[in-house]
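I am opening a notebook on a structure that is new to me, and I want to write down what I look up in the order in which I look it up.

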Amino acid sequence: AVSPALFIPIAEEAGLITDLGLWVLEAACRDAIDWPVEHLAVNVSPVQLRAAGFAETVLGTLEKIGFPATRLELEITETDFAGTEEVGMQTIKMLNAAGIAIAIDDFGTGSSTFERLRNIDFDRIKIDQSFVKSITESEGDAEIVRAMISMAHAKGLKTTAEGVETAEQRDVLRSFGCDELQGYLLGKPMPPRQLSEILKAAEAIAP
């Protein structure tokens with residue numbers, strides 16, 4: 001296994017990230033098309049955002065597979081978002097206008113300004129795990145996370161907390177009103193077939 005932190009920069013430098021990203025998007029949508037989940041989140045590289053015709057390629061892929069645009073959520077890290085050029089911003093707007101949700105990943109670690117965030121329609125912030133890991137130990141970090149959630153909700157955005165590893169972190173985030181949680185407490189990366197089986201079992205016992 002190779003960490004994305006290692007292979008993604010290499011793929012970007014080698015000019016392979018656009019093809020790799022498209023393959024990931026198509027594979028993920030094919031796997032998830034019948035999953036009983038509201039949305040599927042897929043990461044996007046800033047190189048993809050700057051590529052000519054990226055929005056059209058995404059929409060064409062969704063049409064080919066039959067995956068609804070309203071079920072797709074594209075994640076852009078806050079650092080990449082802050083450095084996105086105008087062509088990338090226009091791409092984001094096109095995708096959003098088509099019904100695709102936009103999430104700002106690793107929120108709190110970048111340098112985006114409130115004005116820049118206000119000028120683009122996005123749908124979710126994902127609170128970076130560096131804040132989440134200490135919310136039960138640091139009152140300061142807990143208040144920062146609470147403020148992030150309150151700010152997001154005031155703007156009508158959903159929130160996801162990354163890196164949830166303990167029941168105590170889960171309970172604090174629930175008390176803050178965080179919409180969704182992500183982390184090893186809830187599940188680790190697994191093959192699509194295994195996840196499909198888990199989702200089917202959950203549906204079978206649902207009231």
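**Entry 1: the whole chain**

I note at the start that this is a predicted model, and that each value here is computed from it. I looked up the overall extent and found that the C-alpha atoms fill a box of roughly 45 × 45 × 35 Å along the principal axes. I then asked what radius of gyration the chain has beside that of a compact globule with 207 residues. The globule would come near 17 Å and the chain has 17 Å, so the two agree. For the surface I wrote down an accessible area of about 11,600 Å², of which carbon and sulfur atoms account for 54%, and for the interior I noted that 38% of the 207 residues count as buried. Among contacts between residues at least 6 apart in sequence, I found that 66% join residues at least 24 apart.

**Entry 2: helices and the sheet**

I looked up the secondary structure next, and it comes to 11 helices and six strands. I followed E1 to its partner, strand E2 (residues 72-77), and found parallel pairing over four bridges; Ala41 has Glu73 in E2 as its bridge partner.

**Entry 3: charged pairs in the sheet**

I kept a reminder that side chains of opposite charge can pair when their charged atoms come close. The count of salt bridges comes to eight, and Glu73, already noted as the bridge partner of Ala41, takes part in one of them with Arg124, at 3.0 Å from N to O. This pair links distant parts of the chain, since Arg124 lies in strand E4 (residues 124-127) and Glu73 in strand E2, 51 residues apart. I also checked burial, and both Arg124 and Glu73 are buried.

Arg124 forms a salt bridge with Glu180 as well, with the closest N and O atoms 3.6 Å apart. Here too the pair links distant parts of the chain, as Glu180 is in strand E6 and Arg124 in strand E4, 56 residues apart.

**Entry 4: charged pairs at helix H2**

I turned to helix H2 (residues 17-32), where Arg30 and Glu26 both lie, four residues apart, which is about one turn of the helix. Their side chains meet in a salt bridge of 3.1 Å, N to O. Arg30 counts as partly exposed because its relative accessibility is 44%. I then found that Glu26 and Arg30 belong with Lys64 to a network of salt bridges.

**Entry 5: a nonpolar patch**

Last, I asked which residues form a nonpolar patch on the surface. They are Val2, Leu6, Phe7, Ile8 and Ile10, which together have about 430 Å² of accessible area. With a relative accessible area of 34%, Phe7 is partly exposed.

Key: Residues are numbered from 1 along each chain as its sequence is written. This is a predicted model: local features need pLDDT of at least 70, side-chain atom pairs count only at pLDDT 80 or more; totals for chains, interfaces and linings use all residues. Side-chain values use heavy atoms; hydrogens and water are left out. Patches are made of residues with over 30% relative accessible area and no salt bridge: like charges are joined within 9 Å, nonpolar side chains (Val, Leu, Ile, Met, Phe, Trp, Tyr) within 5 Å. Accessible areas come from the Shrake-Rupley method with a 1.4 Å probe; for residues, only the protein chains shown count as cover. A salt bridge is a side-chain nitrogen of Lys or Arg within 4 Å of a carboxyl oxygen of Asp or Glu. Buried means under 20% relative accessible area, exposed over 50%, partly exposed in between (1.4 Å probe, protein chains only). Helices (H or I, at least four residues) and strands (E, at least two) are DSSP runs, numbered from the N terminus. The radius of gyration is taken over C-alpha atoms; the globule rule is 2.2 Å times the number of residues to the power 0.38. Contact means heavy atoms within 4.5 Å. Two strands pair if DSSP finds at least two bridges between them.
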